[in-house]
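Work through the exercises below with the model at hand. Each task is followed by a solution in steps.

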Amino acid sequence: MSRISQPWPPVEVEPATVHPEAPKQGSHLGIHFGECFGCGDEIEAGLHLHSTVGEGTTVYSKFTVTSAHQGAPGLAHGGLLACAFDEALGSTVGNLLRRPAVTGKLETDFLRPVPVGSTLYIATKLDGIAGRKIYVSADGRLDAEDGPVAVRARALFVRVEFEHFSTHGDPEALQKLAAAHEKAKRAREWDINP
Ligand SMILES: CCCCCCCCCCCC(=O)SCCNC(=O)CCNC(=O)[C@H](O)C(C)(C)COP(=O)(O)OP(=O)(O)OC[C@H]1O[C@@H](n2cnc3c(N)ncnc32)[C@H](O)[C@@H]1OP(=O)(O)O
């Protein structure tokens, strides 16, 4: 039985073009929000995903499973694995395209159990764009870049305006976040052009 029967992407797409100001190959992608469950450093039990830009439209992420992420004893919870992929895919879309987008659909195939203590090596790539729709997919390999594939994911992200977050989210927290990003940007420019 084929695990994924639908063609991917499911519609005709244009190739995704990386934004000229996107972080370059080899750049480590920072935390986009300290309280983000996927990447933030303020959530002790969070996933603490780390990502690096790869070649073309690829981003590589790592996620180490801890006892805080269990479903069955000693094994990662499938929902948290899906969360790791949402983060890896979303970070790829956000950082490479530099336009706000949210997950519209996320599909996961769990191919092998993922034990506590193991690290998932997630390789994500942009598969194409159709209007506001961005198609993206990833493989997660166990314990090595060339390890066996344990989880696969495919997602549709939908481009939104900034108002999506200010209308539905926490405007005060957004303002603080924007101010922190601006401060970090100025500090980087100062480092580069003292
Ligand atoms: C540096 C930065 C780092 C940034 C790093 C960030 C990393 C964070 C990672 C976490 C990301 C998340 O979890 S985001 C949080 C989870 N997601 C959400 O909360 C989204 C909730 N849903 C929504 O707000 C809405 O449904 C939207 C925005 C997705 C779509 O609503 P809309 O704006 O009214 O647009 P709509 O017309 O419905 O959809 C647009 C097109 O997409 C299609 N479409 C929409 N949803 C689906 C779907 N589930 N399945 C198929 N197709 C769909 C529609 O058919 C349509 O196609 P066509 O007619 O054009 O052909």
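**Exercise 1.** Determine how β2 and strand β3 (residues 58–64) are joined.

*Solution.* β2 and β3 run antiparallel and are joined by 4 bridges; two strands pair if DSSP finds at least two bridges between them. Strands are DSSP runs (E, at least two residues) and helices are H or I runs of at least four, numbered from the N terminus. One partner of V53 to locate is V59 in β3, across a bridge. In the hairpin of these strands, 4 residues lie between β2 and β3, and G56 there takes a positive phi near 60°.

The model is predicted: local features need pLDDT of at least 70, side-chain atom pairs count only at pLDDT 80 or more, and totals for chains, interfaces and linings use all residues. Residues are numbered from 1 along each chain as its sequence is written.

**Exercise 2.** Describe the shell around the ligand by source and by residue class.

*Solution.* Of the 18 residues around the ligand, G90, G94, V102, G104 and K105 come nearest (near: C-beta atom, placed from the backbone, within 6 Å). Two or more residues each come from α1 (78–97), β4 (101–110) and β7 (149–159). The largest share, 6 residues, belongs to α1. By class, the shell holds 4 nonpolar, 9 polar and 5 charged residues, where Ala, Val, Leu, Ile, Met, Phe, Trp, Tyr, Cys and Pro count as nonpolar, Asp, Glu, Lys and Arg as charged, and the others, Gly among them, as polar.
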